[in-house]
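Let's walk through this one together, starting with a whole chain and ending up at a single residue. Have the viewer open as you read.

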Amino acid sequence: MENSSKELSGKIALVTGGTKGIGKAIADKLASNGAIVVVTARNPSEEESAHHFIAADLTDSTAIAELTEKIIENYGTLDILINNVGGTSSPAGGFQMLGDEDWNRDIELNLLASIRLDRAMVPKMIEKNSGVVIHISSLNGKIPLYQSNFSYGVMKSALNAYSKTLANEVAKNGVRVNTVSPGMVKTTAMETFLEGYAQTIGKTVAEAGQQIMDGLGGVPMNRLAEPEEIANMVAFLVSDGASYITGANMLVDGGTFPAV
Amino acid sequence: MDKELIGKVALVTGGTKGIGKAIAERLSEAGAVVVVTARSRPTETQTNHHFIATDLTIASETDKVVSEINEKFGSIDILVNNMGGSTSPSGGLAALTDEHWESDLQLNLQSAVRIDRAILPQMADKKRGVIIHISSVTGTLPVYQSLGGYAVAKAALNNYSKSLSKEFSPKGIRVATVSPGMVKTDTMDAYLQSLAETSGLGVEQVTQNLMDSLGGIPLGRMALPEEIAELVGFLVSPKASYITGVNYIIDGGSNPSL
């Protein structure tokens, strides 16, 4: 749906992991609100991206330096940084299944990638005394799931703490930093994850999905989110309408988080 | 402005000044038919808001107001429980009498409970509706010097709102809480003025003291009512379709809790 006011006209936005799923929905939404959007992924997707695509593996620190250079070369600045890249390939089955390599991979992808990218890009925002950073986290960062997602949840929790700490530091420099915590979202990544998990526990995909929803305590809205529903929150947070919101963790979870 | 609320009927309690007025304006800009309530008619009435004079701390008023809105405009799609506040004195928790506690709970919790209860059936019939509770950061970050009872009532409101969302989200009704930090309104200015008089300190000093008691505000300023209204406008819109049972803190970063 087009936003007739093009509230992000003239803004340069970077969306990491922006070629599929939630990242793609965010990129599309920001572009439809008028932003110039750059997306990264390790490989281009099968369908050509509607946005400026830069290949980058953000667990590689040289890649981050190159990405920063390319953005400054092409656009001179960055206004909006969406740290969306994340995920896990760690095995299910509890803490004994996770070796150092699994933990390190999850730290790299879900925490250090954002930390390094912020370290490279946020100083440009501080120079201009303006900018917005979003960290896409997960409900899993607030609700542990030891059976299916032990290390991922821990890393998302660390990401939440990092995001809040950064928010406190750079608020005085005109930069707002917020976290968005989606619940379960209907993406191909989710399908792939559920297929893998189903195999591990010897159940059907539907049963595996139900088990995870039960492990979360149930979803009051009784469905998964569409990627666009996450993108809508991100689009609001990066707009001027959210000018008093910083250091917040905005849950978009159909009511799943059970506590006050 | 996207006219995404065309055809919706919205009620904003305490909608004639400050945050409530900003919310009412934001919702009507988005196309909603907006009804506002307050105890007294405002001096400048927004011509596109429908005003009903009422004191919703009086139990019998609730059903009268809901019936009047239903008769004139149809069933209510959006309810913003914005009314709230405190007439309790400063001087710490020990300065609060039973009457002060009762008054804070009535104004900040019970009034919302009553009006939600009156409106939920019509939302449940349509399997559709949005209820917002305007709370306060003090609900999770208590300030005992002058807002002790208010803070407790807001904490109760937060729990109640979450509970309501669990019960009614499966029925198609979204329920969310918005917790503002310090907001620059006439009420805030009057409150800071009275704190200044009681303490013998200047208004700037008491403002700074209040900001400090929240742990400081990273954004370095109070919110404008319009900034709170923007978040509420987003929350009641179709864009927030997967959002329920949340407490969104809008406080310039002051709440230190992760």
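Predicted model: local features only at pLDDT ≥ 70, side-chain atom pairs only at ≥ 80, totals over all residues.

Residues are numbered from 1 along each chain as its sequence is written, with chains lettered from A and ligands numbered from 1 in the order in which they are written.

As for overall size, chain A has a radius of gyration of 18 Å, which agrees with the value near 18 Å for a compact globule of 260 residues (taken over C-alpha atoms; the rule is 2.2 Å times the number of residues to the power 0.38). Its C-alpha atoms fill a box of roughly 50 × 40 × 40 Å along the principal axes.

Seven helices and seven strands make up the element list of chain A (DSSP runs numbered from the N terminus: H or I of at least four residues, E of at least two). From the N terminus, they go β-α-β-β-α-β-α-β-α-β-α-α-α-β.

Now for the partner: 32 residues of chain A are in contact with 31 of chain B (C-beta atoms, placed from the backbone, within 7 Å). On the chain A side, α4(A) gives the most, with five residues.

Over in chain B, Ile69(B) sits in helix α2, residues 59-73. Ile69(B) is buried because 22 other C-beta atoms lie within 10 Å.

Key. Contact = placed C-beta atoms within 7 Å. Buried ≥ 20, exposed ≤ 12 C-beta atoms within 10 Å, placed from the backbone.
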